[in-house]
Amino acid sequence: MSDTDKPALTNAPKMYVHYCEEKGCEEWGGWGNSPSPAVTTRWWCFEHFPHKSYEQEQALRRKLEAAKRGDIVQ
């Protein structure tokens with residue numbers, strides 16, 4: 001299928017806004033997870049995402065410690 005076979009877009013795409021499910025957190029929920037297509041996806045910010053790898057956990061820990069010390073993190 002090529003782009004010329006597709007009908008013209010008649011409606012603007014809709015943006016879905018997901019916020020972190022952690023109580024009291026108002027961050028963008030960019031990390032979603034669902035165990036199956038039948039279960040509604042739950043969304044978290046990276047800090048609260050419960051399915052991080054060990055490496056991701058360590059990177060987050062370093063970032064939070066640097067923020068406490070007042071270091072600039074890029």
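Val 17 counts as partly exposed because its relative accessibility is 45% (buried is under 20%, exposed over 50%, partly exposed in between, with a 1.4 Å probe and protein chains only). Val 17 lies in the segment before β1 (31-33), strands being DSSP runs of E with at least two residues and helices runs of H or I with at least four, numbered from the N terminus. The model is predicted: local features need pLDDT of at least 70 and side-chain atom pairs 80 or more, while totals for chains, interfaces and linings use all residues. Residues are numbered from 1 along each chain as its sequence is written, and side-chain values use heavy atoms, without hydrogens and water.

The structure holds 3 aromatic pairs (ring centres of Phe, Tyr or the six-membered ring of Trp within 6.5 Å; planes under 30 degrees apart are stacked, over 60 edge-to-face, the rest tilted).

Trp 31 belongs to strand β1 and Phe 46 to the loop between β2 (42-44) and α1, so their pair ties together parts that are 15 residues apart in sequence. Trp 31, at 33% relative accessible area, is partly exposed, as is Phe 46 at 24%; Trp 44 and Phe 49 are both buried. Ring pairs join Trp 31, Trp 44, Phe 46 and Phe 49 into a cluster.
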